[in-house]
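Terms are given with their cut-offs where they come up.

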Amino acid sequence: MPQSTTNNWSFQPLHRQRSTSGYPQHVLNTVPETTMLTTPPPTRKPLTIQIAGVASAESGHKRRFLPARKKPKSAMKMLADTEREEALNLQIEFEWVLRQEVHAILKQLRTILVECAHRFPVPLYENEGKKTEKFILTVSPDQLKAVLTLTGDAITQADISFKLCKAPSQTQRTSITHDSPWKLQQVQDAANHLQTAINHIDDVDDSYHFKTSDEVLHVIGNILDALQRGRNSLLVPKKKPIDELIKGRNMKSLVPNLPEDLAVSFYLQSHKLIIAVYQLLNNQGTMRFDSRQAEASVQWLNDVLLLLMNGQKLCQQLKDKISVFSVYKDFTVGSRSPSALSY
């Protein structure tokens with residue numbers, strides 16, 4: 001069916017229209033360029049231009065305001081904010097430790113040390129002292145034996161017998177009487193150091209507010225030093241040359257006096273009371289000495305050492321906790337801007 005030239009919108013190239021094939025040729029009419037199109041082009045919406053989230057007035061639409069996007073924080077800024085917040089939390093905890101926990105620990109420490117003082121056999125913090133105990137120190141077979149009475153920090157009575165190295169069949173005897181007791185200086189030294197530690201605690205008023213970590217560390221350092229000296233007095237007896245032992249003041253307490261080549265020593269080591277006997281020997285012009293010793297366990301010594309150790313542990317825990325804050329030297333109570341940190 002022939003089509004109207006005005007309604008035919010399709011066309012084919014002329015070389016196909018002029019094909020010499022045996023099929024009937026269908027010539028498609030082309031649309032003249034001057035012919036008016038009867039079908040209108042599709043309607044398109046006008047272009048809307050948006051600048052900074054505001055639609056242009058040419059669009060004919062109502063203006064719509066969009067919130068501007070916030071510029072994301074940089075990684076360094078976020079890290080600085082996090083560190084600043086951590087520093088503020090650390091300072092708040094630091095102030096609480098200074099005002100509350102330090103005093104609570106000092107009070108707990110004083111309770112431990114006063115209990116330790118009550119175990120001493122000498123007058124100390126409402127402790128009457130002068131506790132009397134009897135001990136038997138012996139080494140079989142009858143090489144050394146001492147039956148003694150310990151009253152406070154002194155041996156007030158003792159019967160001592162021992163065999164000599166150069167004469168094993170001979171037994172030497174001596175004694176200590178109430179008139180001339182044997183002083184154990186270690187007990188009094190340990191008690192004095194314990195008294196010093198308690199005094200350091202009493203010097204801190206309950207209403208005093210610590211302001212820096214250095215103040216706390218100074219007090220704790222003094223207490224720890226006194227406790228360590230007290231423990232060392234009982235754990236590590238002072239060593240003396242044998243000549244000094246022979247000429248020592250305590251040797252004059254022995255009745256009868258011993259020959260000049262013999263010496264006796266009483267001392268404390270850990271939880272033990274020890275007696276040692278020394279004898280000087282001349283071996284072809286070379287001087288040496290032989291010794292024997294016997295020991296007995298003392299219960300109050302064990303209790304005192306345990307309480308001193310507990311006090312040291314408590315002090316060390318507080319010291320370690322305060323040392324965490326000592327990095328921030330500029331932290332002071334009432335300050336809310338840690339100047340130790342800068343960004």
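Helices (H or I, at least four residues) and strands (E, at least two) are taken here as DSSP runs, numbered from the N terminus. By that rule the protein has six helices and 11 strands. The model is a predicted one, in which local features need pLDDT of at least 70 and side-chain atom pairs count only at pLDDT 80 or more, while totals for chains, interfaces and linings use all residues. Residues are numbered from 1 along each chain as its sequence is written, and side-chain values use heavy atoms, with hydrogens and water left out.

**Overall figures**

A residue is called buried at under 20% relative accessible area, exposed at over 50%, and partly exposed in between (1.4 Å probe, protein chains only). Of the 343 residues in the protein, buried ones make up 36%. Accessible areas come from the Shrake-Rupley method with a 1.4 Å probe, and for residues only the protein chains shown count as cover; the protein exposes about 22600 Å², of which carbon and sulfur atoms supply 53%. With contact meaning heavy atoms within 4.5 Å, 59% of the contacts between residues at least 6 apart in sequence join residues at least 24 apart.

**Pockets and cavity**

The search for spaces uses a 1 Å grid over the protein atoms alone: a cavity is a set of points where a 1.4 Å probe fits but cannot get out, a pocket is an open set with protein on both sides within 12 Å along at least five of seven lines, and lining residues have an atom within 4 Å of a point. Grid points are joined across faces, edges and corners, and a volume is the space filled by probe spheres set on the points. In the classes below, Ala, Val, Leu, Ile, Met, Phe, Trp, Tyr, Cys and Pro count as nonpolar, Asp, Glu, Lys and Arg as charged, and the others, Gly among them, as polar.

| Space | Volume | Lining by class |
|---|---|---|
| Largest pocket | about 840 Å³ | 12 nonpolar, eight polar and eight charged residues |
| Second largest pocket | about 210 Å³ | four nonpolar, two polar and four charged residues |
| Largest cavity | about 60 Å³ | six nonpolar, two polar and three charged residues |

The largest pocket holds about 840 Å³ of space. Its lining has 28 residues, of which Lys238, Lys240, Ser265, Phe266 and Tyr267 are the closest to the centre. Two or more lining residues come from each of strand 7 (182-183), helix 3 (185-202), helix 4 (213-235), helix 5 (242-246) and strand 9 (262-269), and strand 9 gives the most, with five residues.

Around the second largest pocket stand His103, Ala104, Leu106, Lys107, Arg110, Thr111, Ile201, Asp202, Val204 and Asp206. The elements that give two or more residues to this lining are helix 2 (75-119) and helix 3, and helix 2 has the largest share, six residues.

The count of cavities of 30 Å³ or more comes to one. The lining of the largest cavity consists of Phe162, Lys163, Leu164, Cys165, Leu262, Val277, Tyr278, Gln279, Asp290, Ser291 and Arg292, with at least two residues each from strand 5 (154-163), strand 10 and strand 11.

Gln172 is in strand 6 (residues 171-176) and counts as buried at 15% relative accessibility. Leaving aside neighbours within four places in sequence, Gln172 is in contact with Ile160, Ser161, Phe162, Leu164, Leu258, Pro259 and Leu262.

**Aromatic pairs**

Rings of Phe, Tyr and Trp (its six-membered ring) pair if their centres lie within 6.5 Å; planes under 30 degrees apart count as stacked, over 60 as edge-to-face and the rest as tilted. Four aromatic pairs are found in the whole structure. Phe120 and Trp300 form a tilted pair, at 5.9 Å centre to centre and with 50 degrees between the planes. This pair links distant parts of the chain, 180 residues apart, with Phe120 in the loop between helix 2 and strand 3 (132-139) and Trp300 in helix 6 (residues 299-325). Phe120 is buried, with a relative accessible area of 2%, and Trp300 is likewise buried, at 3%.

The rings of Tyr278 and Phe289 have centres 5.8 Å apart and planes at 70 degrees, so this pair is edge-to-face. Tyr278 is in strand 10 (residues 272-283) and Phe289 in strand 11 (residues 286-297), 11 residues apart. Tyr278 counts as buried at 16% relative accessibility, whereas Phe289, at 45%, counts as partly exposed.
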